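Student: I have not seen this structure before. Could we go through it by question and answer?

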Amino acid sequence: MDRVARAQLRYLEERSASWVAKHLVMAGRLLEDDPELAYEHTLAASRRGGRVAVVREAVGIAAYHAGKYADALRELRTHRRISGSDYNLPLIADSLRGLGRPEKAIELAQSEECANLESAVKVEMQMVAAGSYGDLGKLDKALAELESLEQLNFNRAFSFSPRLFTAYADLLSAAGRAEDAKRWNAQVEVAESALGIERETESFIIDLAPEMDEEEETPRAKDLIEPSEAEEADADAEAEEADADAEAEEADADAEAEEADAEAEAEEAEEAEAEQTGIDEEDDLNEVIESDTEAGEADVEEESAK
């Protein structure tokens, strides 16, 4: 993950930043091989980092690769509003084209917004415009759009040249110029070889920021499932918690009842003992022993006889 992305994620709470970064890394690794799963990872990242520009950009790019053009259009426009960057205008235009609106794509490509794009981005935008003209059956305009590019050079290779040569060859083939199309298709491999693309063994290697690698966090299942399913899972968890609380309250009530019964039995036992012995604790009276009473009566009779 590049420094710009890491810097944006630092505005999140530390655990959330780590979570979002890991999902974005997985999305990047899966983008070419499994765009649907990559898109799911970006959605998971957006649940905690939806206000971060790089996250919305990742969702938009993954949606574009997965063929979800409406989602891509929405997310890429949101990223542009948040960041102020025009870098993804070609993807926005191509998403319009994917939604069956090539005229809108051409209109965007010819707008003032695209007039000052950097060279590589402008080439990408003109490729989208050429494809849109091709969709409308205007092959002459489509070819003219690409032929106006100085970067369409048979003997020079830029980072975007393989895609540019392929797009041009496809238009030549559609226009019935098969020999020219064959020459440019062959030059695609030459350009890839010059750029070293054929020697690439991995799509890319990601280096997470050290501070995001210190603490592992086990992903929650509900972050990888649809929101409706997550809400149902939360509802089930709340219901189970309520049942547990009710059982605990019932157990406490039973314990209090048993304690009250024990106290009542103890009081009854004390009252019964008091009735048998004549002791009344409240009056502070002492038990009269029968032998002491008989001895007293004998002393009285002896004194009377005297």
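**Rings, charges and a helix**

Tutor: In this predicted model, the charged end of arginine 183 sits over the ring of phenylalanine 154, 4.8 Å from the centre of that ring.

Student: How many aromatic pairs does the count come to?

Tutor: Rings of Phe, Tyr and Trp pair if their centres lie within 6.5 Å. By this rule the count comes to five.

Student: Is the pair of phenylalanine 154 and tryptophan 184 stacked or edge-to-face?

Tutor: The two ring centres are 5.0 Å apart, and the planes stand at 85°. Planes over 60 degrees apart count as edge-to-face. The pair of phenylalanine 154 and tryptophan 184 is therefore edge-to-face.

Student: Where in the chain are these two residues, phenylalanine 154 and tryptophan 184?

Tutor: The pair links distant parts of the chain, 30 residues apart. Phenylalanine 154 is in the loop between helix H9 (139–147) and helix H10 (161–174), and tryptophan 184 is in helix H11 (residues 178–195).

Student: Is tryptophan 184 buried or exposed?

Tutor: Buried means under 20% relative accessible area. Tryptophan 184 has 9% relative accessibility, so tryptophan 184 counts as buried.

Student: What distance should helix H5 span?

Tutor: Helix H5 (residues 69–83) has 15 residues, taken at 1.5 Å a residue. The expected span uses one less than the number of residues.

Student: Which residues does asparagine 88 touch, not counting residues up to four places away in sequence?

Tutor: Asparagine 88 is found in the loop between H5 and H6. Asparagine 88 is buried, with a relative accessible area of 6%. With those neighbours in sequence left out, asparagine 88 touches Glu57, Ile61, Leu76 and His79.

Technical notes. Residues are numbered from 1 along each chain as its sequence is written. This is a predicted model: local features need pLDDT of at least 70, side-chain atom pairs count only at pLDDT 80 or more; totals for chains, interfaces and linings use all residues. Side-chain values use heavy atoms; hydrogens and water are left out. Helices (H or I, at least four residues) and strands (E, at least two) are DSSP runs, numbered from the N terminus. Buried means under 20% relative accessible area, exposed over 50%, partly exposed in between (1.4 Å probe, protein chains only). Contact means heavy atoms within 4.5 Å. Rings of Phe, Tyr and Trp (its six-membered ring) pair if their centres lie within 6.5 Å; planes under 30 degrees apart count as stacked, over 60 as edge-to-face and the rest as tilted. A charge sits over a ring if NZ of Lys or CZ of Arg is within 6 Å of the ring centre and within 35 degrees of the ring normal.
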